[in-house]
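Grab a pencil and try these exercises on the structure below. Each one comes with a solution to check yourself against.

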Amino acid sequence: MKGKQIVLTADRSLLSNYRDNMLFGFVACMPVEKISKQLYYRVFCPAVPADKVSGEALFAPLGLRRIESSLMDGFGRENVIVAHCDHLEKAIGEETKVVGINVMDPLGIGPITTSISGKPYTPYTRYTFEELMSRVMRLKSKYKFKVVVGGAGAWQLYRREDRERLGIDHIVFGEADNHCVEMFHDIMDGNAKEFMSVLTNRIGEVPYIRNPTCNSTIEAMRGCGRGCDFCDPNRRMKRDFPVERLKEEASINLKHHTCIWLLSDEIMLYGCDNKDMYPNRDAIVTLYKELKSLGNVDYIGAVHVTLSSVAADPECIAKIREINNFNASRWNGIQPGIETGSVEMFKRHMPLKAKPFSPEEWPEVVEEGIRILNENYIFAACTLVMGLPGEQDDDVKDTIELVKRLDGSAFVVVPLLWTDYFRPENSLTTDKFTKLHWKLYYLCWKISTKAIYNWIWYATAHFPPFVRQIAGLVGKLGAAYQLRYVRDKAKSILGEDPDFDNI
């Protein structure tokens with residue numbers, strides 16, 4: 001078999017539309033030992049379709065589509081393929097020189113995954129990646145190609161022993177959009193470095209996608225300029241993609257989907273050009289209206305937002321609601337970061353995140369932002385960070401009090417364990433939890449479990465009826481199990497029930 005010269009792919013957790021609900025992607029962080037493969041793959045994570053002859057995936061992660069386009073220009077469309085991970089044997093052969101793999105959480109040590117599936121469990125993100133690499137290594141031993149890995153989770157593979165175990169030759173950090181042709185030539189010629197770090201400075205250098213993406217995602221902007229010291233993307237320069245370009249890329253997806261999802265690090269800063277980071281309502285509303293005008297657009301969703309931007313311009317959120325016709329029977333979701341309830345931690349690690357408000361106002365901004373989202377029928381899938389460097393008991397107490405005040409809102413809150421990306425031994429783990437950490441951790445799961453019970457039926461409304469019944473039952477049972485597990489573990493360590501008010 002000849003195969004393609006360049007084969008791009010991703011693990012099974014990334015090659016799914018999660019039944020058109022991006023929030024179900026969190027299920028990939030759950031442990032294999034607790035959710036059966038039948039339920040994960042068939043109920044929550046059905047595979048994207050693939051060509052039965054070539055093995056080509058119909059949908060792929062947006063980043064992989066960018067690389068695909070650039071390599072098609074450099075090597076010819078006929079020599080490049082994005083292959084489905086379950087059909088690699090159809091795409092790889094004697095002429096294959098490089099296999100490129102996109103990763104999000106390959107070792108299952110990302111903040112969310114660590115919080116949900118700590119040791120000794122194996123999250124699906126890791127399980128699916130290692131399953132993919134087993135298949136790749138078998139083919140590599142036969143065809144002798146090189147393996148290069150890039151994407152948001154590439155940092156997890158910096159240890160040589162992991163790369164050797166998994167058959168990885170090269171790692172790419174950063175934005176490889178317009179650099180990958182040169183890098184792949186170097187890999188083929190044997191001149192590439194083991195680690196390559198690149199950055200795309202101008203939006204004009206980013207290649208257009210040519211094929212549809214998972215969940216109909218397009219990239220509205222990169223970076224946000226808020227400079228939170230625990231968030232790598234947010235420290236990059238903010239760059240907006242022009243509306244006409246976004247319409248062109250959205251049109252590619254609308255041949256297969258009826259929605260558009262905007263990827264950004266902070267959608268309410270789209271078009272923003274002021275130092276106070278006050279939202280540019282005209283630019284945002286124009287973006288949504290222009291995309292809606294494409295026709296056959298059920299709704300336009302966004303992935304991330306900052307609560308200070310929401311609180312700064314409630315009318316802009318109301319306009320987004322009107323354009324999408326969100327209402328009491330038609331909610332949408334978005335992911336904001338609460339991060340902390342401690343003003344001291346906020347000022348130390350993320351002082352610009354509150355703009356146009358002051359750091360001292362952050363707790364009130366969080367409450368107001370979630371209230372505004374909920375009033376406009378937007379569910380908030382929130383995160384917060386436990387174990388920020390320098391965190392003291394009083395800081396954790398402040399966060400506990402803030403989360404308590406939010407109870408009853410339409411939101412979940414996932415506690416992320418602070419992760420040192422280059423020195424994992426410094427990261428927070430449950431083994432290092434203080435008494436107050438356990439109380440906060442349990443409180444977050446208690447509130448999130450309540451939200452899952454209240455919202456799972458609505459969130460699965462577009463599932464096939466029988467699958468919806470299963471998903472609802474599994475969601476409730478899984479949340480109840482996780483809550484009981486956290487409570488029992490906390491009680492065994494604390495010697496008392498974490499579910500009481502005295503902190």
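**Exercise 1.** Find the bridge partner of Val 385 in E15.

*Solution.* Keep in mind that this is a predicted model. Start at Val 385 and step across to strand E15 (residues 411–417): the partner there is Leu 416. Next, follow the whole pair: seven bridges link E14 and E15, and the two strands are parallel. Finally, trace the chain from E14 to E15: the path goes through helix H13 (residues 393–406), and this β-α-β crossover is right-handed.

**Exercise 2.** Work out which strand E14 joins through five bridges.

*Solution.* Look for strand E13 (residues 332–339): five bridges join it to E14, and the two run parallel. For one example, take Gly 337, whose bridge partner in E14 is Thr 383.

**Exercise 3.** Explain why E14 is largely enclosed by the rest of the structure.

*Solution.* Check one side first: Ile 378, Ala 380, Cys 382, Leu 384 and Met 386 are buried.

**Exercise 4.** Decide whether Tyr 377 is buried, partly exposed or exposed.

*Solution.* First place Tyr 377: it sits in the loop between H12 and E14. Its relative accessibility is 26%. Buried needs under 20% and exposed needs over 50%, so Tyr 377 counts as partly exposed. Most residues other than glycine have a negative phi.

Key. Residues numbered from 1 in each chain as written. Predicted model: local features only at pLDDT ≥ 70, side-chain atom pairs only at ≥ 80, totals over all residues. Heavy atoms only, no water. Buried < 20%, exposed > 50% of the residue type's maximum accessible area, 1.4 Å probe, protein only. Helix = DSSP H or I, 4+ residues; strand = E, 2+ residues; numbered from the N terminus. Pairing = 2+ DSSP bridges. Right-handed = clockwise from strand over helix to strand, strands pointing away.
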